[in-house]
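Trainee: Could you walk me through how to read a fold like this one? I'd like the general idea each time, then the case at hand.

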Amino acid sequence: MSTTRPYSPGDRGPEPSGASGASEGGVPAGDASGEGVAAPSGTTAPPGGRQVRRLSFEGASGVVPLARDFTRQALYAWGWLPAASADQRAAAEDVLLVVSELVTNACLHAEGPDQLRITCDNKVIRIEVADQGTGQPSPRTPHRAGRPGGHGMFIVQRLCLDWGVFRTPGVAGKTVWAELGAPA
């Protein structure tokens, strides 16, 4: 697990600025309701390519449940839900848990999140939470299960294929990202 590498292996960095909810294949990804992005049953993304959803938290309250609901709607649109098997259900629950942990960490340690970005292709779902914080998230070491608090990044580290932080030079804040594998 990485907290020093700004992007996961094979990633070319952040996407160029574009319209919220646009897919990589040029097909509109719709809004948080999932309109315009219905995926064929049993697939994680339409054949058009990588799907992207963005949620701005500007002026929002209750951001953790808002982020979970937004993510759940994306998972339905991308065919991760409803889950056909226990493994698929567990994969979707892991995504929701990681979103909750990253958004909660932004609330507790970085003056709140600015944006949630979720990207899905046929193999990986990537979660990015942007905030204005200057700190560097890291799992509490050594991890002690009985100790209250401090479990968020440990959970992210255990559930994800990889995770890390990237900063844009000259721009305040950071983006914490995590990647999970698609359900089998």
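Trainee: Before we go on, what am I looking at?

Mentor: A predicted model: local features need pLDDT of at least 70 and side-chain atom pairs pLDDT 80 or more, while totals for chains, interfaces and linings use all residues. Residues are numbered from 1 along each chain as its sequence is written, and side-chain values use heavy atoms, leaving out hydrogens and water.

Trainee: Which strand does β3 join through eight bridges?

Mentor: That's β5, again antiparallel, with V124 opposite G181. On β3 (residues 124–131) there is also an antiparallel link to β2, through seven bridges, where Q115 faces A130. Three residues sit between β2 and β3 in their hairpin. Then β2 pairs with β1 (residues 51–56) over six antiparallel bridges; T119 is the partner of V52 there.

Trainee: Is β5 mostly covered or mostly open?

Mentor: Buried means under 20% relative accessible area, exposed over 50%, and partly exposed in between, using a 1.4 Å probe and protein chains only. By that rule seven of the eight residues of β5 are buried, and six of eight in β2 (residues 113–120).

Trainee: How many residues are in the largest nonpolar core?

Mentor: Such a core is a set of buried Ala, Val, Leu, Ile, Met, Phe, Trp, Tyr and Cys residues joined through side-chain atoms within 4.5 Å. The largest has 34 residues, and L102, L116, I125 and I127 have the most contacts inside it. Nine of them come from α2, the largest share. Contact means heavy atoms within 4.5 Å; beyond four places in sequence, I127 touches residues including V98, L102, L116 and W177.

Trainee: And where do α2 and α3 cross?

Mentor: Axes are lines fitted to C-alpha atoms, for helices over the stretch in contact, with angles from 0 to 180 degrees between N-to-C directions. The axes of α2 (residues 86–109) and α3 (residues 152–159) come within 9 Å and cross at roughly 145 degrees. Among the residues that meet are L97 and L102 in α2, and I155 and L159 in α3.

Definitions and conventions: Helices (H or I, at least four residues) and strands (E, at least two) are DSSP runs, numbered from the N terminus. Two strands pair if DSSP finds at least two bridges between them.
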